[in-house]
Every structure is written in C-alpha cells, then in structure tokens.
Amino acid sequence: MCGIVGYIGDRPVADILIDGLHQLEYRGYDSAGIAVKCEDKLHIYKAEGKLDNLSSVLMQHKSEYQNATMGIGHIRWATHGAPTVVNAHPHTCNCGNLAIVHNGIIENYKELREKLEKQGAIFRTQTDTETVAHLIAYKYAETKDLTKAVQLATKEIEGAYALCVIHNEEKDKIVATKRNAPLLVGIGEGEYFVASDVPAIIKYTKKAVYLEDNQIVTLTKNNIVLTDECGQELFLKIETLPWEPVALSKMGYKHFMLKEIHEQPDVIRNILVGKIHTSEEPIILNEVKLTNDTLKNLNRIQIIACGTSLHAAMIGKYIIENFCGIAVDVEASSEYIYRKNVTDSKTLVIGVSQSGETADTLTAIKQAKAKGSHILIITNRPDSAMAREADSLIPVSAGIEVSVAATKSYVAQLVSFYLLAMYMAEIKGSLDESVLTSLKSDLTKIPQKIEQMLSHKEQIQSCARLYANTKDFIYIARGINYPTALEGALKLKEISYINATGYPAGELKHGPIAMLDESMPVLSILMKGSVYEKLLSNSEEAKARNARMIALTNSKDEKLKDLFEYIIEVPDVQELLSPIIAIVPLQLIAYYIAEYLGKDVDQPRNLAKSVTVE
Ligand code: AGP
C-alpha cells in the first residue's frame, strides 16, 4: 500500500526520499511523488507508475531542488481516484504553500470537501487526501502555526491516516501525525526521518520513536517535539530498531521471493530455539499469557486473518482441534467485522498477520477486544499496531519479508501454530505423550528436509515450464492439506495472474469437475495418511476427464506413474506436519511460472504488502 518518507537535515533530500521510497516499494504502489522546500519555495514532482518514472522527472529539474535539504515523499496505491499524476501525492492547498502526504483513508472526505468548497477551496483531484490539504491550510491561515493547524484539522477528520505536512511560510519544519496507520520518526545526528515503515530509514539510523494514535510530532533540523492531541508535550520513548539493512538485499537471488523461499529452513530453526529443547521436554511458550486453568477450560477459539495468513489459520484450526479437542472457528477478518458475531470474554481470539497492520484484521481484533476476549496475536511485526492490541504476542520472527507474495512468513505462522497447539495439548493433557514426542522430534527435522527439497529444485522448475502457458490451474487436497491447496493456488494467482483455484478434492464432483478437460492441469497434494486413498480416487476421477494430472507426494507408490503425467517428490513426513513441507514446492512452482512468463515477481500488479485499508 502507500508509503511515506520525510527528511529534514543537511543532506540532499531528494536522494534520501527516493531511496527511502525504493525501500518501501515492496508494499505495492502505482504512482509516486515528492515535495521539497528550497529557497522558500515548495517544489513538487510526481509521476505515474514506478519510481524510475519519478526519477526521470527529477533529472529534468535537478537545478531547482539540488540544494534542498527537507521534504516529504510518497508512493500511492490508488483508493480514491485513478493512479494518475494529478492524484499522486503530495497534495497542496490552493495557494500551493502547503504540501501533504497521506497513508490511509479519510472516511468523511465527502462532507469535508463540500464544506471546504463552500469556503472557497478549489479541488483538483478525486482523492480523499486533498481535503486534508485544504483543511490544514485553512487552519494554518487562522493560527499561523503548522503544528496547531494539524492538531485542529485532525479533530475534524474521521478515518485512518498517517500524515506528513510541510509549509512554505514555516521556517524549515515537518509536522506529522497518525491514527490507525503506522508512522515512526528516525533520529539521526542533526537530522530526522519520518517513515511509514522501518526499511525506509534503517540505512540511516537505528534510533526511532513510534508515534501512537493522535500524537503529533514537529521536526526541525535540531529538534523534535512530540505532543498529544491537546498540544501537551510528551516524553520521547526512543527505541532501537531490530532490523539489519542486509535483510533488504537480494543476496544474489534474482528475486526477493526466491531468497525468502530459501530462508525458510533457517526461519523454522530460529523459531524453535528455546521452545523445544528435547522431544521429551515440554514446549516453552512464555508468550502465552493465559493461565493453565483458563487454557484447560477454554471451549472455543476464533482465529481471524486475511489471505495467506487465513490459510495458516485454517491449518491452525485443524491442528488445535486435533491436538486439543477445542472447537475452533476461522473467519476472514473482513467478514467477521460486519456480522453479529458471538465472540465473548470466554473466547480466545487469535489474530494472524504477517504485517500486523492489515486493516480488516486490526478492526476485527479491536472488536473482539472490546467484547472482553483474550487477544493472542501471531505476527511477523512485533512493532505493529496489532501487536500493541495483544494480550499474548507470538512473534514469528521470520525477518523482514520484502516480496509481496508471502512465503517464509506463512511457514513461520504454521510453525507457531504447531508450537501453540502442542503447548496447549500438553497443558490439557489432550494428546498421547508418544504422539507429542514424535511431533516435536519430527518438527525439528523439517528444516533439513526443506533444504533437501530446495537442493533439487530443478525438478520443480521443469514442471513449472511444462504448465506455464496454461490459463487455469486447479489444486486439490483433503484434510490438513486443503488449506495448502488454497495457498498454492493463491501464490500462483498473485504472481503469474493465472486463474488458479484450490478445492477440497471431495468437492470436485459437486461442480468443479465440469471444468476438466485435456487443457486443465490438476495438481493433487497427495501426502501419505488418513485421506491418501480418498484423494487418489478423486485424482482418478479427474484423470478420467482427461485433466493433466500432477502429483505432489511423499509416496513411492508405483501406481502413481500411470495416473500422473508429472510427479513432484517431497521428503517423507508424518501427515500432521505435512503442510510445512508441501507448501514449499507450490511456492516454487508459482515462482518459476511467474519468472518464466516475465512477470514482476516481487511486486505483482494491483497488490500491496500491507493492506492498510478495509
Ligand atoms: C500473501 O501472499 C498476500 N500478499 C496476502 O494475501 C496477505 O497474506 C494478506 O493481505 C494478509 O496480510 P497480513 O498477513 O499482513 O495480514
């Protein structure tokens, strides 16, 4: 989604803004722009499409801004108004003295726009953001104080926002504020940075202040002042950012996605450190703040998530119900929030999110919290808004994930669910000791098995080439790997734009089988275990309709050779742990097909890494 960068100091600001915006590119965007102040004049440059287009525009105007050392920049993911130059941020007021960048959505923008038009504001864009530019400009005209103007304007704004504002009449100053959207200030030596996410500034400083909702920060070259919504000055809580700049490098891989797929074995190892000592010892999960008594008496869990995290949640449901005998509901956050759900103080609500900022999930979590539920958050961003809502927080520690298509964060979420389910089962005494011991022991062996698979990735690359020109793709599975089929299909859709769908194989005959013919690839996730024979029969049914059958399997069954035109072999693993192994080849198939088709693997069209609008 949108990204914000701001800078005030001594360095050439345009370079810092463009560099910072590049680091936020992974979030997904369709236009970009910067505003810089130079010799008491604001200069604004914008472009449609990628940042390279903006850089070309900047090249043509270098002489205008080369001495500028303060400014704000933005990448926009269009919500209100098409992704055009006019609608790109920064936006200005009528006199052009004020420039603003904004992440989020102003919900009452229509009412505000009507009111401002009556006051004489002339709107040039279709965006919600422009209303804020005019509103702050009017408040500035009354107060002649940018901080005060922002403070007054935000009282009239409804919705979610991170805002960064500069004004030509103010001595060099950036004012920024936020509500329900992330924003942080990086602190350097005689310089400050503002950003909507860490990667934009980590190269320059590791010291930062995370703004809380409704706080306003005023930055000059040598000073930072933080105030609340009433103008009361606040103490600065300076944190050290736990990121390394190296995490943002491709490390020799062609794409971040491929790098992140290869990081999965180490991600799993890191998560298990300190949690499983030996397979005979209990799981250590101090992050869970529920008492043993509460855990023993829990009779309902709800898991809320979106997209890939939703698929991890579905596997979470399967294993929690299997290991603990507790009923679990899983729901897409966007559905949960707009119905009369029956969450209460006796329900444990688990929110799952890579980014920890997904608006739908954040809203759902807040609703559940208001009803008194214990909120357990599983996220890759312990510094996120969702993490701040948590009563219990399980950080999945996958490291920053740059590719829009989630891979290592998914596997990390799965492993976190396994730990949680085993931890609860141990407390409840709901699973045989021998089963628990074998699960723990086998879980620790999975990283090595994934490495083994990755060392033979050529077989998957060849498979991808064979099917790359298909228009449609079907994934089938049963039981614990049904969500794996959904996730495999989502990966392919996201980055190759092939129409891919996952089905529970038993459902094929209830409709989807009508689509099968000799042009349709059907990939069957055929892992040994309780549903193996049933899935084999479903695969036979598909084969009988001439579908191009592919197996992803850990079985050495000879008869598979007659049934499938391509067999992807994966290392042997017990059924209950098989989703962690089975997803890796599916990530690779999606990757190699998209790469073969020449798609923008890391930044697929229309998608954003962190979806901060409902
Ligand atoms: C994953 O590949 C997708 N980009 C998307 O479905 C994502 O999982 C979804 O938007 C939820 O994001 P979150 O995990 O950050 O909440």
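**Entry 1: the ligand shell**

I sorted the shell around the ligand by class and found six nonpolar, seven polar and two charged residues. A reminder to myself: this is a predicted model. Which residues come nearest to the ligand? Of the 15 around it, I noted Ser309, Ser353, Gln354, Ser355 and Thr358.

**Entry 2: polar atoms facing the ligand**

Serine 309, already on my list of the nearest residues, places a polar side-chain atom 2.5 Å from a ligand oxygen. Glutamate 494 also uses its side chain, with an N or O atom 2.7 Å from an oxygen atom of the ligand. With alanine 406 the backbone takes part: one of its polar atoms is 2.8 Å from a ligand oxygen. How much of the ligand's accessible area does the protein cover? On its own the ligand has 410 Å², and the protein covers 91% of that.

**Entry 3: where the ligand sits**

Why does the ligand lie between two domains? Domain 2 (256–444) and domain 3 (458–596) both contribute shell residues, so the ligand lies between them.

Away from the ligand question, I went through the backbone angles. Most peptide bonds are trans, and most residues other than glycine have a negative phi. I therefore wrote down the exceptions I came across, with that general rule in mind.

- Histidine 89 and proline 90 are joined by a cis peptide bond, with omega about 0°. I placed proline 90 in the loop between β4 (70–76) and β5 (91–92).
- Lysine 144 is not a glycine, yet its phi is positive, near 55°. I found lysine 144 in the loop that runs between α5 (129–143) and α6 (146–154).
- Methionine 251 has a positive phi too, near 50°. Its place is the loop between β14 (239–240) and α7 (256–262).

Methods: Residues are numbered from 1 along each chain as its sequence is written. This is a predicted model: local features need pLDDT of at least 70, side-chain atom pairs count only at pLDDT 80 or more; totals for chains, interfaces and linings use all residues. Side-chain values use heavy atoms; hydrogens and water are left out. A residue is near a molecule or strand if one of its heavy atoms lies within 4 Å of it. A polar contact is a pair of N or O atoms within 3.5 Å; within protein, one must be able to donate a hydrogen and the other to accept it, and residues adjacent in sequence count only if both atoms are side-chain atoms. Accessible areas come from the Shrake-Rupley method with a 1.4 Å probe; for residues, only the protein chains shown count as cover. Ala, Val, Leu, Ile, Met, Phe, Trp, Tyr, Cys and Pro count as nonpolar, Asp, Glu, Lys and Arg as charged, and the others, Gly among them, as polar. Domain bounds come from an automatic or database domain assignment. Helices (H or I, at least four residues) and strands (E, at least two) are DSSP runs, numbered from the N terminus.
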